[in-house]
Amino acid sequence: MDLKNFDISNGEAGIELTILDLDNKPTDIKIKLLCLHGKKGRAALINSVKNEKADTAHILAALTIGWRGLTEGGKELKFSPEAAEKLYGDYPIIAAQVEKFVEDARNFLKK
């Protein structure tokens, strides 16, 4: 088997996840994520553990590098690591989708 079948380098620049609603239909929310298994993703995870902030919301926020289509109360929610951590803490349905996505290295395979 060719080792290129294991190339997850797309995860170093980030891959966009479309968040699904409760009916499993795509929404306008797009979250750009690093691969947990890549160099940057591993560094973010290790940094979270070193800083004793290894809760899920903090780790997911460290893997999040941007988003679009997010509003709260009719106002655009601007991206920041702090806003991402709050998003994942306040909206576990979104956090669960993001967690599942970053854990699956297939989402980051170079095509």
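Biologist: Is D55 buried, partly exposed or exposed in this model?

Modeller: The model is a predicted one. D55 sits in the loop that links α1 (39-50) with α2 (56-63). Its relative accessible area is 41%. Buried means under 20% and exposed means over 50%, so D55, at 41%, is partly exposed.

Biologist: What distance separates the C-alpha atoms of D55 and G89?

Modeller: Along the chain, D55 and G89 are 34 residues apart.

Biologist: What separates the C-alpha atoms of I46 and I59?

Modeller: These two residues are 13 apart along the chain. Their C-alpha atoms are separated by 9.3 Å.

Biologist: Are α3 and α4 roughly parallel or roughly perpendicular to each other?

Modeller: Helix α3 covers residues 81-90 and helix α4 covers residues 92-103. Their axes are 5 Å apart, and the packing angle is about 110°. Angles of 65 to 115 degrees count as roughly perpendicular. The two helices are therefore roughly perpendicular.

Biologist: Which residues of α4 are met by α3, and how many residues of the contact are nonpolar?

Modeller: From α3, the residues involved are L87, Y88, G89 and D90. They meet P92, I94, A95 and V98 in α4. By class, the contact has one charged residue, one polar residue and, as nonpolar residues, six.

Biologist: What pattern do the helices and strands follow along the sequence?

Modeller: The protein chain has four helices and five strands. Read along the sequence, their order is β-β-α-α-β-β-β-α-α.

Biologist: Why does the radius of gyration agree with a compact globule?

Modeller: For 111 residues, a compact globule would have a radius of gyration near 13 Å. The C-alpha trace spans about 50 × 35 × 20 Å along its principal axes. The value for the protein chain agrees with the globule because it is 14 Å.

Biologist: What percentage of the residues count as buried?

Modeller: The accessible surface of the protein chain is about 7200 Å², and carbon and sulfur atoms hold 55% of it. A residue is buried when its relative accessible area is under 20%. Of the 111 residues, the share that counts as buried is 34%.

Notes. Residues numbered from 1 in each chain as written. Predicted model: local features only at pLDDT ≥ 70, side-chain atom pairs only at ≥ 80, totals over all residues. Heavy atoms only, no water. Axes fitted to C-alpha atoms, helices over the stretch in contact; angles between N-to-C directions. Parallel < 35°, antiparallel > 145°, perpendicular 65-115°, else oblique. Contact = heavy atoms within 4.5 Å. Nonpolar A, V, L, I, M, F, W, Y, C, P; charged D, E, K, R; others polar. Rg over C-alpha atoms; globule rule 2.2 N^0.38 Å. Buried < 20%, exposed > 50% of the residue type's maximum accessible area, 1.4 Å probe, protein only. Areas by Shrake-Rupley, 256 points an atom, 1.4 Å probe, with all protein chains shown as cover.
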